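This briefing goes through a single chain by topic.

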Amino acid sequence: MPNDSNADKKDDHNCEERLNELKKFVSAGVWEGVSLIDWEDWHWQLRNRIATIDQLENLIKLSPEEQADVLLAEKRLALGITPYFFNLIDKHDLSCPIRRQVIPRIEETQSMPWERDDPCGEESSSPVPGIVHRYPDRVLFLVTDRCASYCRYCTRSRMVSNATGYDFHPEFERQVAYIREHKEVRDVLLSGGDPLLLNDDKIDEILKRLRQIPHIEMLRIGTRIPIFLPQRITAELCDILKKYHPLFISIHTNHPRELTVESRKALGRLADAGIPLGNQSVLLKGVNDDVVVMKALVQKLLMCRVKPYYLYQCDLVSGSEHLRTSIKKGIEIMIGLRGFTTGYAIPQYVIDAPNGGGKIPINPNYIVSQNDERIILRNYEGKLYEYPEPICLNVVK
Ligand code: SF4
């Protein structure tokens, strides 16, 4: 039986912690005096996004590298940061891991020969605009071109930077018709842009239309809203989402500091609505290319009821070289996680292969040698173990 008085104390503590965090947020900088009601209103957060260079420079002292690039940013990858997420930046730390994800830098203007605007070759697997059909039984359905904030390494920057702000994709009916006609498709992943930026009615409509297709078994949503705009995860939205099970949500978090009291509350609401939650992280230089940081992130995710799902090697998107880290570093991080923390906390490290090759797992090698009779394995501590193959495999018939 739960101890009610302990649970109450914990709730009181959580409320107090949340209130303190909110007070800290709304008393900062230009948002001083904003009411908690406004601060917790996702429409207010969107209306007050930092979207211009002037707004950014009024709020934070930019480094020369940042100053140079924000001038160009308006012509390239869109600039957008919600006040909530902006307040997670340590204003005095030029190498703040939150800052590196959303404030443009001069390095973005340098493109390497191997970089592409469409690094994963999505356009070449797109039978209908906004549908990517690469794997046999599932499709990616790009329902909007907008996001709450813009990540500097976005794989779909070609799309979100030219956002027309459509709510339904202009080809929505053709997209749904394609899915209906392709009976091999059993899994639809809604992405964009960010699907949870749509209003409740539109989300309801899209999910309802997809659920009417008999061969669709599962629905998934890829979103960074619980991290950029946790205020959007309202009880009303959760009531809509839970009508369409089995529905899975993949969030996108890169650093443990993104998992605030607010985001934890939003994720709790989604989990309480029966939605299995997974996280996708991108391995980014100066953000999370460190085993201590990554371990803290995956452990904190589990505390938010989110299973670490993928760790992506950064895609070869134009202007991302300064944010990429080596594959050797990624493997080192995976070695530092496996065995050293809960198995549930271990994501699959993958490279989404250039030009449409799809996700390819990258694993540390725990096999020392292997023949028909035995395999020699190395455990997480570096100790060697032998495991015999079944003897009947070696009997000649
Ligand atoms: S939230 Fe996703 S789609 Fe939007 S900018 Fe970030 S990575 Fe790109």
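In this predicted model, three strands form an open sheet in the order β10-β11-β12, and their pairing is antiparallel. At its edges lie β10 (367–370) and β12 (384–388), each of which pairs on one side only. Neighbouring strands of the sheet are turned against each other by 20° on average, with direction ignored.

**Pairing within the open sheet**

- Strands of a sheet pair through backbone hydrogen bonds, in either a parallel or an antiparallel sense.
- Three bridges connect β10 with β11 (residues 374–378), and the sense of this pairing is antiparallel.
- Residue S369 stands opposite I376, which belongs to β11.

**Strands β3 and β4**

- Strand β3 (residues 187–191) is joined to β4 by four bridges, and the two run parallel.
- Strand β4 spans residues 218–222, and four of its five residues are buried, so the rest of the structure largely encloses β4.

**Helix α15**

- The buried residues of helix α15 (residues 327–337) are G330, I333 and L337.
- These buried residues line one face of α15, because they fall within an arc of 60° when seen down the helix axis.
- After α15 comes G339, with a positive phi near 90°.

**Ligand surroundings**

- Which residues surround the ligand? The shell consists of C147, Y150, C151, C154, R156, V160, G192, G193, D194, R224 and H252.
- Sorted by class, this shell holds five nonpolar residues, three polar ones and three charged ones.

**Chain totals**

- How many helices and strands does the secondary structure of the chain come to? The count is 15 helices and twelve strands.
- The chain has 397 residues, of which 37% count as buried.
- Of the contacts in the chain between residues at least 6 apart in sequence, 76% join residues at least 24 apart.

How values were computed:
Residues numbered from 1 in each chain as written. Predicted model: local features only at pLDDT ≥ 70, side-chain atom pairs only at ≥ 80, totals over all residues. Buried ≥ 20, exposed ≤ 12 C-beta atoms within 10 Å, placed from the backbone. Arc of directions from axis to C-beta. Contact = placed C-beta atoms within 7 Å. Near = placed C-beta within 6 Å. Nonpolar A, V, L, I, M, F, W, Y, C, P; charged D, E, K, R; others polar. Pairing = 2+ DSSP bridges. Axes fitted to C-alpha atoms, helices over the stretch in contact; angles between N-to-C directions.
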